[in-house]
Amino acid sequence: MRASRLLSLLAVAMGILWGGVPAAHAQDATEKEIERYREMLSDPFSNPAFLFVDRGEALWKLARGEKNVSLETCDLGEGPGKLEGAFAKLPRYFTDADRVMDLEQRLLWCMEKIQALDTRDIVKRKFGRPGVTSDMQDLVAFIANKSSGLKIEAQQNHPKEQEMAALGEALFYRRGGQWDFSCATCHEAEGQRIRLQGLPVLSKPGKAAQSTMGTWPTYRVSQSQVRTMQHRLWDCYWQMRWPDAAYGSDGITALTVYLQKNANGGEIQVPSIKR
Amino acid sequence: MRTLIHSAAAALFAVAAFTLPAVAQSAKVDPAVVEKAVTGMFGHAPAAWQEKIVQDETQKACSLHRNAPPADVAKAISAREEKNVVLPADGKFLGDWKSGEKIAQSGYGGRHTDDPKREVGGNCYACHQLSKKELSFGTMGPSLVEYGKIRKYKDEDVKAAFIKIYNAQAVFPCSNMPRLGHSKHLNEQQIKDLVALLFDPESPVNK
(Lines give C-alpha, C1' and ligand atoms only; values in the text may rest on other atoms or scores of the structure.)
Protein backbone atom coordinates (compact mmCIF):
# COMPACT_ATOMS: atom_id res chain seq x y z
CA MET A 1 0.00 0.00 0.00
CA ARG A 2 2.67 2.35 1.06
CA ALA A 3 4.66 1.94 -2.11
CA SER A 4 1.78 2.51 -4.49
CA ARG A 5 0.53 5.41 -2.49
CA LEU A 6 3.94 6.98 -2.42
CA LEU A 7 4.23 6.44 -6.12
CA SER A 8 1.05 8.30 -6.82
CA LEU A 9 2.09 11.05 -4.46
CA LEU A 10 5.43 11.02 -6.14
CA ALA A 11 3.85 11.61 -9.51
CA VAL A 12 2.38 14.77 -8.08
CA ALA A 13 5.64 15.79 -6.49
CA MET A 14 7.55 15.24 -9.69
CA GLY A 15 5.03 17.24 -11.61
CA ILE A 16 5.56 20.09 -9.22
CA LEU A 17 9.30 19.89 -9.00
CA TRP A 18 10.42 18.96 -12.45
CA GLY A 19 7.41 18.87 -14.71
CA GLY A 20 8.36 15.38 -15.85
CA VAL A 21 11.23 12.91 -15.76
CA PRO A 22 13.19 11.10 -18.50
CA ALA A 23 12.06 7.47 -18.66
CA ALA A 24 15.59 6.03 -18.60
CA HIS A 25 16.32 7.46 -15.18
CA ALA A 26 12.89 6.78 -13.83
CA GLN A 27 13.83 3.86 -11.58
CA ASP A 28 16.69 5.63 -9.89
CA ALA A 29 14.90 8.91 -9.78
CA THR A 30 11.87 7.22 -8.24
CA GLU A 31 13.84 6.08 -5.21
CA LYS A 32 15.35 9.49 -4.74
CA GLU A 33 12.07 11.24 -5.30
CA ILE A 34 10.28 9.15 -2.70
CA GLU A 35 12.85 10.21 -0.17
CA ARG A 36 12.70 13.78 -1.33
CA TYR A 37 8.94 13.80 -1.23
CA ARG A 38 8.90 12.44 2.33
CA GLU A 39 11.25 15.20 3.36
CA MET A 40 9.23 17.78 1.53
CA LEU A 41 6.05 16.77 3.32
CA SER A 42 7.52 16.98 6.77
CA ASP A 43 9.81 19.93 6.15
CA PRO A 44 8.15 23.16 7.20
CA PHE A 45 10.34 25.01 4.71
CA SER A 46 9.35 23.01 1.60
CA ASN A 47 5.67 22.33 2.19
CA PRO A 48 3.79 25.62 2.01
CA ALA A 49 1.02 24.03 4.08
CA PHE A 50 3.11 24.59 7.19
CA LEU A 51 2.46 28.29 6.89
CA PHE A 52 -1.20 27.42 7.43
CA VAL A 53 -0.30 25.08 10.28
CA ASP A 54 1.57 27.90 12.03
CA ARG A 55 -1.26 30.35 11.58
CA GLY A 56 -3.65 27.67 12.86
CA GLU A 57 -1.62 27.23 16.02
CA ALA A 58 -1.73 30.96 16.67
CA LEU A 59 -5.51 31.00 16.09
CA TRP A 60 -5.99 28.04 18.46
CA LYS A 61 -4.27 30.03 21.20
CA LEU A 62 -5.81 33.39 20.38
CA ALA A 63 -8.23 34.79 22.96
CA ARG A 64 -11.30 36.20 21.20
CA GLY A 65 -15.08 36.23 21.18
CA GLU A 66 -17.30 37.82 23.80
CA LYS A 67 -15.68 35.66 26.45
CA ASN A 68 -12.21 36.61 25.23
CA VAL A 69 -10.75 33.13 25.69
CA SER A 70 -8.81 30.82 23.40
CA LEU A 71 -9.96 27.53 21.92
CA GLU A 72 -7.50 25.62 24.10
CA THR A 73 -10.25 24.02 26.19
CA CYS A 74 -12.19 22.84 23.13
CA ASP A 75 -12.88 19.08 23.28
CA LEU A 76 -12.32 17.50 19.89
CA GLY A 77 -13.29 14.10 21.22
CA GLU A 78 -10.17 13.10 23.13
CA GLY A 79 -10.71 15.49 26.03
CA PRO A 80 -10.51 19.29 26.44
CA GLY A 81 -7.51 20.69 24.62
CA LYS A 82 -6.16 17.30 23.59
CA LEU A 83 -5.11 17.50 19.97
CA GLU A 84 -2.88 14.47 19.46
CA GLY A 85 -4.84 11.81 17.59
CA ALA A 86 -8.13 13.73 17.70
CA PHE A 87 -8.35 14.21 13.94
CA ALA A 88 -7.79 10.48 13.31
CA LYS A 89 -11.15 9.77 14.95
CA LEU A 90 -13.22 12.51 13.34
CA PRO A 91 -16.04 12.78 12.44
CA ARG A 92 -17.47 11.29 15.67
CA TYR A 93 -20.41 11.53 18.04
CA PHE A 94 -20.27 14.27 20.71
CA THR A 95 -22.46 13.83 23.76
CA ASP A 96 -22.63 17.54 24.61
CA ALA A 97 -24.00 18.39 21.16
CA ASP A 98 -25.81 15.05 20.72
CA ARG A 99 -24.60 15.02 17.12
CA VAL A 100 -21.96 13.52 14.90
CA MET A 101 -19.59 16.32 13.88
CA ASP A 102 -16.61 16.67 11.62
CA LEU A 103 -13.65 18.82 12.66
CA GLU A 104 -15.02 21.95 11.04
CA GLN A 105 -18.48 21.65 12.59
CA ARG A 106 -16.86 20.98 15.95
CA LEU A 107 -14.58 24.00 15.71
CA LEU A 108 -17.53 26.25 14.91
CA TRP A 109 -19.37 24.74 17.87
CA CYS A 110 -16.43 25.45 20.20
CA MET A 111 -16.11 29.01 18.89
CA GLU A 112 -19.75 29.62 19.68
CA LYS A 113 -19.92 27.79 23.03
CA ILE A 114 -16.49 28.49 24.49
CA GLN A 115 -15.55 31.82 22.98
CA ALA A 116 -19.03 33.18 22.26
CA LEU A 117 -17.56 34.21 18.95
CA ASP A 118 -19.79 35.45 16.15
CA THR A 119 -18.84 32.89 13.50
CA ARG A 120 -20.47 34.63 10.55
CA ASP A 121 -17.22 36.16 9.40
CA ILE A 122 -15.38 32.87 9.92
CA VAL A 123 -17.93 31.03 7.78
CA LYS A 124 -17.73 33.76 5.15
CA ARG A 125 -14.00 33.08 4.92
CA LYS A 126 -14.44 29.28 4.97
CA PHE A 127 -12.48 28.92 1.75
CA GLY A 128 -9.38 31.08 1.45
CA ARG A 129 -8.51 32.95 -1.74
CA PRO A 130 -5.82 35.41 -2.79
CA GLY A 131 -5.69 38.09 -0.13
CA VAL A 132 -8.18 36.34 2.16
CA THR A 133 -6.98 33.78 4.68
CA SER A 134 -9.37 31.24 6.15
CA ASP A 135 -9.31 30.60 9.89
CA MET A 136 -10.91 27.22 9.28
CA GLN A 137 -8.28 26.09 6.78
CA ASP A 138 -5.54 27.23 9.16
CA LEU A 139 -7.06 25.53 12.21
CA VAL A 140 -7.75 22.30 10.35
CA ALA A 141 -4.19 22.21 9.00
CA PHE A 142 -2.83 22.67 12.53
CA ILE A 143 -5.11 20.17 14.24
CA ALA A 144 -4.95 17.49 11.52
CA ASN A 145 -1.17 17.70 11.55
CA LYS A 146 -1.29 16.55 15.18
CA SER A 147 -2.55 13.18 13.85
CA SER A 148 0.03 12.87 11.10
CA GLY A 149 1.72 9.48 11.19
CA LEU A 150 -1.27 7.88 12.93
CA LYS A 151 -3.92 5.68 11.34
CA ILE A 152 -7.51 6.60 10.54
CA GLU A 153 -9.76 5.22 13.28
CA ALA A 154 -13.25 5.58 11.84
CA GLN A 155 -15.72 5.79 14.74
CA GLN A 156 -18.65 3.39 14.30
CA ASN A 157 -19.67 2.44 17.84
CA HIS A 158 -22.40 4.96 18.54
CA PRO A 159 -25.73 4.33 16.72
CA LYS A 160 -25.64 7.89 15.37
CA GLU A 161 -22.23 7.23 13.85
CA GLN A 162 -23.65 4.17 12.13
CA GLU A 163 -26.66 6.15 10.94
CA MET A 164 -24.40 8.81 9.48
CA ALA A 165 -22.34 6.22 7.60
CA ALA A 166 -25.52 4.74 6.13
CA LEU A 167 -26.80 8.20 5.21
CA GLY A 168 -23.45 9.04 3.64
CA GLU A 169 -23.58 5.88 1.59
CA ALA A 170 -27.09 6.69 0.37
CA LEU A 171 -26.00 10.21 -0.54
CA PHE A 172 -22.99 8.77 -2.37
CA TYR A 173 -25.36 6.89 -4.69
CA ARG A 174 -28.03 9.56 -5.03
CA ARG A 175 -28.14 10.61 -8.65
CA GLY A 176 -29.46 14.03 -9.48
CA GLY A 177 -28.90 17.36 -11.12
CA GLN A 178 -28.80 18.32 -14.75
CA TRP A 179 -26.10 15.75 -15.55
CA ASP A 180 -27.55 12.82 -13.58
CA PHE A 181 -24.38 12.53 -11.51
CA SER A 182 -23.80 10.92 -8.13
CA CYS A 183 -20.47 10.43 -6.37
CA ALA A 184 -20.57 6.85 -7.63
CA THR A 185 -20.50 8.08 -11.24
CA CYS A 186 -16.86 9.04 -10.78
CA HIS A 187 -15.67 7.14 -7.69
CA GLU A 188 -17.00 3.60 -7.98
CA ALA A 189 -15.32 1.86 -10.94
CA GLU A 190 -11.62 1.01 -11.07
CA GLY A 191 -9.21 2.66 -13.46
CA GLN A 192 -11.45 5.50 -14.63
CA ARG A 193 -10.27 8.94 -15.45
CA ILE A 194 -11.79 12.29 -16.38
CA ARG A 195 -9.60 13.69 -19.15
CA LEU A 196 -6.18 12.68 -17.72
CA GLN A 197 -7.23 12.89 -14.08
CA GLY A 198 -7.34 9.53 -12.29
CA LEU A 199 -10.38 8.96 -10.07
CA PRO A 200 -10.01 7.07 -6.78
CA VAL A 201 -12.50 4.30 -5.94
CA LEU A 202 -14.12 5.50 -2.72
CA SER A 203 -17.13 3.19 -2.52
CA LYS A 204 -15.42 0.29 -0.83
CA PRO A 205 -12.83 -0.27 1.90
CA GLY A 206 -9.34 -0.35 0.52
CA LYS A 207 -6.13 1.34 -0.43
CA ALA A 208 -7.67 3.94 -2.71
CA ALA A 209 -9.99 5.24 0.00
CA GLN A 210 -7.21 5.04 2.58
CA SER A 211 -4.62 6.94 0.61
CA THR A 212 -7.23 9.51 -0.41
CA MET A 213 -8.67 10.23 3.00
CA GLY A 214 -5.27 9.96 4.71
CA THR A 215 -3.99 12.88 2.64
CA TRP A 216 -6.63 15.53 3.46
CA PRO A 217 -6.28 18.36 4.36
CA THR A 218 -3.90 19.07 1.53
CA TYR A 219 -2.05 22.01 0.04
CA ARG A 220 -3.49 22.32 -3.46
CA VAL A 221 -0.78 23.73 -5.66
CA SER A 222 -3.31 24.81 -8.31
CA GLN A 223 -5.14 26.90 -5.70
CA SER A 224 -2.29 27.91 -3.38
CA GLN A 225 -4.47 26.97 -0.41
CA VAL A 226 -4.70 24.25 2.18
CA ARG A 227 -8.06 22.68 1.37
CA THR A 228 -10.17 20.60 3.73
CA MET A 229 -12.60 17.74 3.06
CA GLN A 230 -15.43 20.30 3.26
CA HIS A 231 -13.91 22.09 0.30
CA ARG A 232 -13.21 18.90 -1.66
CA LEU A 233 -16.82 17.76 -1.41
CA TRP A 234 -18.12 21.25 -2.18
CA ASP A 235 -15.88 21.15 -5.26
CA CYS A 236 -17.16 17.74 -6.37
CA TYR A 237 -20.77 18.92 -6.03
CA TRP A 238 -19.82 21.95 -8.10
CA GLN A 239 -18.49 19.69 -10.84
CA MET A 240 -21.64 17.57 -10.53
CA ARG A 241 -23.72 20.60 -11.51
CA TRP A 242 -25.50 20.56 -8.16
CA PRO A 243 -26.11 23.78 -6.21
CA ASP A 244 -23.62 25.39 -3.84
CA ALA A 245 -23.25 22.85 -0.98
CA ALA A 246 -23.73 24.41 2.45
CA TYR A 247 -20.58 24.57 4.56
CA GLY A 248 -20.71 22.43 7.67
CA SER A 249 -23.99 20.78 6.71
CA ASP A 250 -24.77 17.31 8.04
CA GLY A 251 -24.91 15.78 4.56
CA ILE A 252 -21.25 16.65 3.98
CA THR A 253 -20.38 15.17 7.36
CA ALA A 254 -22.36 12.01 6.55
CA LEU A 255 -20.40 11.59 3.31
CA THR A 256 -17.17 12.12 5.23
CA VAL A 257 -18.18 9.49 7.81
CA TYR A 258 -18.88 7.03 4.99
CA LEU A 259 -15.57 7.79 3.27
CA GLN A 260 -13.63 7.51 6.54
CA LYS A 261 -15.26 4.16 7.20
CA ASN A 262 -13.94 2.91 3.87
CA ALA A 263 -10.57 4.46 4.67
CA ASN A 264 -10.29 2.93 8.13
CA GLY A 265 -6.72 1.99 9.02
CA GLY A 266 -5.21 4.24 6.38
CA GLU A 267 -2.11 6.16 7.32
CA ILE A 268 -2.55 9.88 7.87
CA GLN A 269 0.08 12.15 6.32
CA VAL A 270 -1.14 15.69 6.52
CA PRO A 271 -1.11 18.36 5.40
CA SER A 272 -0.11 16.74 2.11
CA ILE A 273 0.52 18.37 -1.25
CA LYS A 274 -1.64 17.76 -4.31
CA ARG A 275 -2.03 19.34 -7.69
CA MET B 1 -18.57 -1.84 -30.23
CA ARG B 2 -22.33 -1.54 -29.99
CA THR B 3 -22.73 -5.24 -29.37
CA LEU B 4 -19.98 -4.98 -26.81
CA ILE B 5 -21.85 -2.29 -24.94
CA HIS B 6 -25.10 -4.15 -25.21
CA SER B 7 -23.61 -7.37 -23.94
CA ALA B 8 -22.03 -5.32 -21.16
CA ALA B 9 -25.50 -4.04 -20.37
CA ALA B 10 -26.89 -7.56 -20.39
CA ALA B 11 -24.09 -8.69 -18.10
CA LEU B 12 -24.85 -5.82 -15.77
CA PHE B 13 -28.47 -6.81 -15.55
CA ALA B 14 -27.47 -10.41 -14.91
CA VAL B 15 -25.12 -9.33 -12.13
CA ALA B 16 -27.83 -7.12 -10.72
CA ALA B 17 -29.98 -10.14 -10.01
CA PHE B 18 -27.31 -11.53 -7.70
CA THR B 19 -26.06 -8.34 -6.08
CA LEU B 20 -29.48 -6.96 -5.30
CA PRO B 21 -29.98 -8.48 -1.85
CA ALA B 22 -26.62 -7.08 -0.75
CA VAL B 23 -27.54 -3.67 -2.12
CA ALA B 24 -30.87 -3.69 -0.35
CA GLN B 25 -29.11 -4.63 2.87
CA SER B 26 -26.64 -1.76 2.89
CA ALA B 27 -29.22 0.80 1.80
CA LYS B 28 -31.34 0.72 4.94
CA VAL B 29 -31.91 4.44 5.11
CA ASP B 30 -35.34 5.99 5.05
CA PRO B 31 -35.54 8.00 1.80
CA ALA B 32 -37.07 10.82 3.81
CA VAL B 33 -33.86 11.03 5.87
CA VAL B 34 -31.78 11.26 2.70
CA GLU B 35 -33.99 14.00 1.26
CA LYS B 36 -33.83 15.91 4.53
CA ALA B 37 -30.03 15.82 4.35
CA VAL B 38 -30.19 17.01 0.73
CA THR B 39 -32.36 19.93 1.82
CA GLY B 40 -29.89 20.65 4.61
CA MET B 41 -27.09 20.84 2.09
CA PHE B 42 -28.83 22.65 -0.76
CA GLY B 43 -32.01 24.14 0.69
CA HIS B 44 -30.58 27.66 0.58
CA ALA B 45 -30.14 27.58 -3.23
CA PRO B 46 -32.54 29.49 -5.52
CA ALA B 47 -35.79 27.76 -6.53
CA ALA B 48 -34.63 27.02 -10.07
CA TRP B 49 -31.69 25.13 -8.59
CA GLN B 50 -33.89 23.24 -6.14
CA GLU B 51 -35.84 21.77 -9.04
CA LYS B 52 -32.67 20.40 -10.60
CA ILE B 53 -31.89 18.19 -7.65
CA VAL B 54 -35.38 16.80 -7.19
CA GLN B 55 -35.02 13.30 -8.60
CA ASP B 56 -37.11 12.16 -11.54
CA GLU B 57 -38.30 8.54 -11.75
CA THR B 58 -35.23 7.42 -13.65
CA GLN B 59 -32.76 8.99 -11.23
CA LYS B 60 -34.69 7.47 -8.32
CA ALA B 61 -34.61 3.99 -9.83
CA CYS B 62 -30.92 4.19 -10.75
CA SER B 63 -30.03 5.43 -7.24
CA LEU B 64 -32.05 2.67 -5.60
CA HIS B 65 -30.52 -0.07 -7.76
CA ARG B 66 -27.09 1.52 -7.83
CA ASN B 67 -27.06 1.70 -11.61
CA ALA B 68 -27.68 -2.05 -11.98
CA PRO B 69 -31.48 -2.17 -12.37
CA PRO B 70 -33.22 -5.55 -12.62
CA ALA B 71 -34.54 -6.35 -16.11
CA ASP B 72 -38.09 -5.07 -15.58
CA VAL B 73 -36.92 -1.77 -14.10
CA ALA B 74 -34.37 -1.38 -16.91
CA LYS B 75 -37.10 -1.92 -19.48
CA ALA B 76 -39.33 0.66 -17.85
CA ILE B 77 -36.47 3.18 -17.86
CA SER B 78 -35.61 2.77 -21.54
CA ALA B 79 -39.29 2.86 -22.51
CA ARG B 80 -39.81 6.10 -20.58
CA GLU B 81 -36.62 7.72 -21.81
CA GLU B 82 -37.25 6.74 -25.45
CA LYS B 83 -40.53 8.61 -25.28
CA ASN B 84 -38.65 11.68 -24.08
CA VAL B 85 -36.47 11.91 -27.19
CA VAL B 86 -37.44 14.69 -29.59
CA LEU B 87 -36.10 13.97 -33.07
CA PRO B 88 -35.32 16.91 -35.39
CA ALA B 89 -38.45 18.11 -37.22
CA ASP B 90 -36.49 18.48 -40.45
CA GLY B 91 -35.39 14.84 -40.33
CA LYS B 92 -31.72 15.87 -40.58
CA PHE B 93 -29.22 14.57 -38.04
CA LEU B 94 -25.90 15.88 -39.32
CA GLY B 95 -24.64 19.38 -38.46
CA ASP B 96 -21.17 20.89 -38.63
CA TRP B 97 -18.36 18.72 -37.22
CA LYS B 98 -16.08 21.72 -36.60
CA SER B 99 -18.59 23.21 -34.23
CA GLY B 100 -19.15 19.68 -32.84
CA GLU B 101 -15.47 19.40 -31.95
CA LYS B 102 -15.68 22.67 -29.97
CA ILE B 103 -18.75 21.44 -28.12
CA ALA B 104 -17.05 18.10 -27.39
CA GLN B 105 -13.98 19.89 -25.99
CA SER B 106 -15.84 22.30 -23.73
CA GLY B 107 -17.19 21.31 -20.35
CA TYR B 108 -18.58 24.75 -19.68
CA GLY B 109 -22.03 25.27 -18.27
CA GLY B 110 -24.37 24.06 -15.60
CA ARG B 111 -22.14 24.77 -12.58
CA HIS B 112 -23.44 27.27 -10.06
CA THR B 113 -20.66 29.71 -10.83
CA ASP B 114 -21.06 29.45 -14.62
CA ASP B 115 -22.45 32.33 -16.66
CA PRO B 116 -25.77 31.06 -18.08
CA LYS B 117 -25.34 33.32 -21.12
CA ARG B 118 -22.09 31.71 -22.27
CA GLU B 119 -22.17 28.83 -24.74
CA VAL B 120 -22.16 25.45 -23.04
CA GLY B 121 -20.21 22.34 -23.99
CA GLY B 122 -20.99 18.63 -23.93
CA ASN B 123 -17.79 17.66 -22.09
CA CYS B 124 -17.44 14.56 -24.30
CA TYR B 125 -13.64 14.40 -23.99
CA ALA B 126 -13.96 14.19 -20.21
CA CYS B 127 -15.25 10.64 -20.72
CA HIS B 128 -14.45 9.61 -24.31
CA GLN B 129 -11.59 9.45 -26.76
CA LEU B 130 -12.80 11.06 -30.00
CA SER B 131 -10.25 12.74 -32.29
CA LYS B 132 -6.98 10.80 -32.40
CA LYS B 133 -5.12 14.09 -32.11
CA GLU B 134 -6.56 14.89 -28.69
CA LEU B 135 -4.52 13.02 -26.09
CA SER B 136 -6.27 14.43 -23.05
CA PHE B 137 -9.36 12.24 -22.92
CA GLY B 138 -11.15 10.34 -20.18
CA THR B 139 -12.02 6.67 -20.00
CA MET B 140 -15.41 6.62 -18.31
CA GLY B 141 -17.05 5.91 -21.64
CA PRO B 142 -15.82 3.81 -24.59
CA SER B 143 -13.46 5.24 -27.21
CA LEU B 144 -15.38 6.81 -30.09
CA VAL B 145 -12.44 6.88 -32.49
CA GLU B 146 -13.55 6.08 -36.07
CA TYR B 147 -17.11 5.88 -34.82
CA GLY B 148 -18.74 6.65 -38.17
CA LYS B 149 -16.16 4.85 -40.27
CA ILE B 150 -16.61 1.60 -38.33
CA ARG B 151 -20.36 1.88 -38.87
CA LYS B 152 -19.87 2.59 -42.59
CA TYR B 153 -21.71 5.90 -42.07
CA LYS B 154 -25.05 4.07 -42.11
CA ASP B 155 -28.18 6.21 -41.73
CA GLU B 156 -29.64 4.09 -38.95
CA ASP B 157 -26.45 4.51 -36.90
CA VAL B 158 -26.50 8.26 -37.47
CA LYS B 159 -30.00 8.40 -36.03
CA ALA B 160 -29.01 6.09 -33.16
CA ALA B 161 -26.13 8.44 -32.24
CA PHE B 162 -28.52 11.42 -32.14
CA ILE B 163 -30.76 9.47 -29.77
CA LYS B 164 -27.77 8.38 -27.66
CA ILE B 165 -26.53 11.92 -27.15
CA TYR B 166 -30.06 13.27 -26.66
CA ASN B 167 -30.89 10.67 -24.04
CA ALA B 168 -28.20 8.13 -23.15
CA GLN B 169 -30.62 6.17 -20.98
CA ALA B 170 -33.07 5.52 -23.79
CA VAL B 171 -30.32 3.23 -25.07
CA PHE B 172 -28.64 2.11 -21.85
CA PRO B 173 -30.71 2.38 -18.65
CA CYS B 174 -28.76 3.93 -15.75
CA SER B 175 -25.85 4.83 -18.03
CA ASN B 176 -23.32 7.13 -16.40
CA MET B 177 -23.60 9.36 -19.44
CA PRO B 178 -25.75 12.47 -18.84
CA ARG B 179 -29.02 12.82 -20.76
CA LEU B 180 -27.72 15.93 -22.47
CA GLY B 181 -30.66 16.75 -24.76
CA HIS B 182 -33.34 15.62 -22.36
CA SER B 183 -32.01 17.89 -19.61
CA LYS B 184 -31.89 20.75 -22.16
CA HIS B 185 -28.19 21.18 -21.49
CA LEU B 186 -27.54 20.83 -25.24
CA ASN B 187 -29.93 22.04 -27.91
CA GLU B 188 -30.88 20.25 -31.12
CA GLN B 189 -28.31 22.04 -33.29
CA GLN B 190 -25.49 21.26 -30.85
CA ILE B 191 -26.43 17.57 -30.88
CA LYS B 192 -26.50 17.58 -34.70
CA ASP B 193 -23.01 19.10 -34.68
CA LEU B 194 -21.83 16.33 -32.36
CA VAL B 195 -23.40 13.67 -34.58
CA ALA B 196 -21.46 15.22 -37.47
CA LEU B 197 -18.28 14.99 -35.39
CA LEU B 198 -18.95 11.25 -35.08
CA PHE B 199 -20.17 10.67 -38.65
CA ASP B 200 -18.68 13.19 -41.07
CA PRO B 201 -15.93 11.40 -43.05
CA GLU B 202 -13.90 14.64 -42.83
CA SER B 203 -14.16 14.79 -39.03
CA PRO B 204 -10.94 14.10 -37.07
CA VAL B 205 -12.83 11.24 -35.41
CA ASN B 206 -12.83 9.34 -38.72
CA LYS B 207 -9.50 10.51 -40.14
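How much area do chain A and chain B bury between them? In this predicted model, the answer comes to about 4,000 Å², with 55% of it on carbon and sulfur atoms. Interface size is often given in just this way, as the accessible area lost when the parts come together. Counted by residues, the meeting of the two chains involves 35 residues of chain A in contact with 52 residues of chain B.

What holds hands with what across this boundary? The rule picks out three salt bridges between chain A and chain B. One pairs up the side chains of Asp180(A) and Arg179(B), with 2.7 Å from N to O.

Several elements of chain A supply at least two residues each to the side that touches chain B: helix H7 (159-172), helix H8 (183-187), strand E3 (193-194), helix H10 (229-239) and helix H11 (250-262). The largest share, five residues, comes from H7(A).

Now for a single spot in chain B. Ser131(B) sits in the loop that runs between helix H7 (124-127) and helix H8 (147-150) of chain B. Is Ser131(B) buried or exposed? Its relative accessible area is 4%, so Ser131(B) counts as buried, the cut-off being under 20%. Leaving aside residues up to four places away in sequence, Ser131(B) touches Glu101(B), Tyr125(B), Pro204(B) and Val205(B).

Methods. Residues numbered from 1 in each chain as written. Chains lettered and ligands numbered in written order. Predicted model: local features only at pLDDT ≥ 70, side-chain atom pairs only at ≥ 80, totals over all residues. Heavy atoms only, no water. Contact = heavy atoms within 4.5 Å. Buried area = accessible area lost by both parts, 1.4 Å probe. Salt bridge = Lys/Arg side-chain N within 4 Å of Asp/Glu carboxyl O. Helix = DSSP H or I, 4+ residues; strand = E, 2+ residues; numbered from the N terminus. Buried < 20%, exposed > 50% of the residue type's maximum accessible area, 1.4 Å probe, protein only.
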